[in-house]
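Subject: Handover of a structure and notes on its features

Dear colleague,

Please find below the structure that I am handing over to you. My notes on it follow directly after.

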Amino acid sequence: MIRLNNISKNYSLKDGEVPALDDINLTIEKGEKVCILGRSGSGKTTLLDIIATILTPSQGSYFYNDMDISQFSKQELAKFRNKEFGFVFQSYYLIKEKNILENICLPAIYSDSLIDPQQNALKLMDILDIAELKDRYPNELSGGQRQRVAIARSALLNPNVIIADEPTGNLDEASSRIVLDHLMNFNEQGKTLILVTHDQEIASHFERKIFLNDGRKISNG
Ligand SMILES: Nc1ncnc2c1ncn2[C@@H]1O[C@H](COP(=O)(O)OP(=O)(O)OP(=O)(O)O)[C@@H](O)[C@H]1O
Ligand SMILES: [Mg+2]
């Protein structure tokens, strides 16, 4: 489903280039769950952003369902990304002026999906056990509740892949476990899950682990 061939990424700065990924080869099948590990600066977020088509690689090719992503126009890519990927980040990225239901419905604004956003949001809030929070605002929620809101938002348009960059990085152990369980449930229902973590406990729930070191894959995972 996801196939990266010899992917490298350098970031351009005023005074030169910063190498972030070096010759990454990686295949992820539909429905898999994959954990990406490595020290700070090892390239984890860069790799996720390339998989999610937010970043363009400097070298190499990326095929998604055998489609060559580099052939997509900017507009096609935005549409593709919105349809295929749901995003969960360490710091939630909820909009503080919007209530919880509105936050969860945000991805629908940029989409022509036939999914009824309100109806699906309410269903997801039930599943994630946050239904009673729908009229509150992000600053009126705990960290664990905010992250469940972010997960509901990521799943709103029924994406095939959920991309989670340290989704438990700001949470205590109990909340982390709840957030992980919800992500695992989506995976069990067939969604591909690609998750970055520093947390060994979280990583221990994944059979497939990819270790990065200085932008290189250092395991066969
Ligand atoms: N926008 C950017 N411009 C320049 N360099 C960048 C940029 N983003 C990341 N880098 C550099 O690329 C390398 C990989 O960064 P990346 O964010 O992928 O690491 P990471 O493994 O996600 O780290 P962390 O665990 O701290 O989140 C680092 O050397 C970083 O400084
Ligand atoms: Mg990162």
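In these notes, a residue is called buried if 20 or more other C-beta atoms lie within 10 Å of its own. Please bear in mind throughout that this is a predicted model.

By that cut-off, 11 of the 13 residues of helix α5 are buried, so α5 is largely enclosed by the rest of the structure. The buried residues are Gln145, Arg146, Gln147, Arg148, Val149, Ala150, Ile151, Ala152, Arg153, Ser154 and Ala155. Their cover includes the strands β6 (85–89) and β7 (161–165), together with the helices α3 (100–105), α4 (117–127) and α6 (173–188). The length of the helix was also examined. At 1.5 Å a residue, the 13 residues of α5 (residues 143–155) should span 18 Å, and the C-alpha atoms at its ends are 19 Å apart, which agrees.

Overall form

The protein contains seven helices and 10 strands. For 221 residues, a compact globule would have a radius of gyration near 17 Å; the protein has 17 Å, in agreement with that expectation. Taken along the principal axes, its C-alpha atoms fill a box of roughly 45 × 40 × 40 Å. Of the 221 residues, 39% are buried. Among contacts between residues at least 6 apart in sequence, 71% join residues that are at least 24 apart.

The sheet and strand β3

Six strands form an open sheet with mixed pairing, in the order β6-β7-β8-β3-β9-β10. Its edge strands are β6 and β10 (216–217), each of which pairs on one side only. As a general point, strands of a sheet pair through backbone hydrogen bonds, in either a parallel or an antiparallel sense.

Strand β3 deserves a description of its own. How many of its residues are buried? Six of the six residues of β3 are buried, and the strand is mostly covered. Lys33, Cys35 and Leu37 point one way from β3, while Val34, Ile36 and Gly38 point the other way, and all are buried.

β3 (residues 33–38) pairs in the parallel sense with β9 (residues 208–213) over five bridges. With β8 (residues 192–196), the pairing of β3 is likewise parallel and runs over four bridges. Cys35 has a bridge partner in each of these strands: Lys209 in β9 and Leu195 in β8. For Gly38, the bridge partner in β9 is Leu212.

Two residues with positive phi

Most residues other than glycine have a negative phi. Tyr92, in the loop between β6 and α3, has a phi near 65°, a positive value in a residue other than glycine. Glu166, in the loop between β7 and α6, has a positive phi of about 50° and is not a glycine either. Are these two residues buried or exposed? Tyr92 has 20 other C-beta atoms within 10 Å and is therefore buried. Glu166 also has 20 other C-beta atoms within 10 Å, so Glu166 is buried too.

Gln59 counts as partly exposed because it has 13 C-beta neighbours inside 10 Å. Leaving aside residues up to four places away in sequence, Gln59 touches Asn6, Ile7 and Ser8. From Asn5, Gln59 is 54 residues away in sequence, and the C-alpha atoms of the two are 9.1 Å apart in space.

Yours sincerely

How values were computed:
Residues are numbered from 1 along each chain as its sequence is written. Chains are lettered from A and ligands numbered from 1 in the order in which they are written. This is a predicted model: local features need pLDDT of at least 70, side-chain atom pairs count only at pLDDT 80 or more; totals for chains, interfaces and linings use all residues. The expected span of a helix is 1.5 Å times one less than its number of residues. A residue is buried if 20 or more other C-beta atoms lie within 10 Å of its own, exposed if 12 or fewer, and partly exposed in between; C-beta atoms are placed from the backbone. Two residues are in contact if their C-beta atoms, placed from the backbone, lie within 7 Å. The radius of gyration is taken over C-alpha atoms; the globule rule is 2.2 Å times the number of residues to the power 0.38. Two strands pair if DSSP finds at least two bridges between them.
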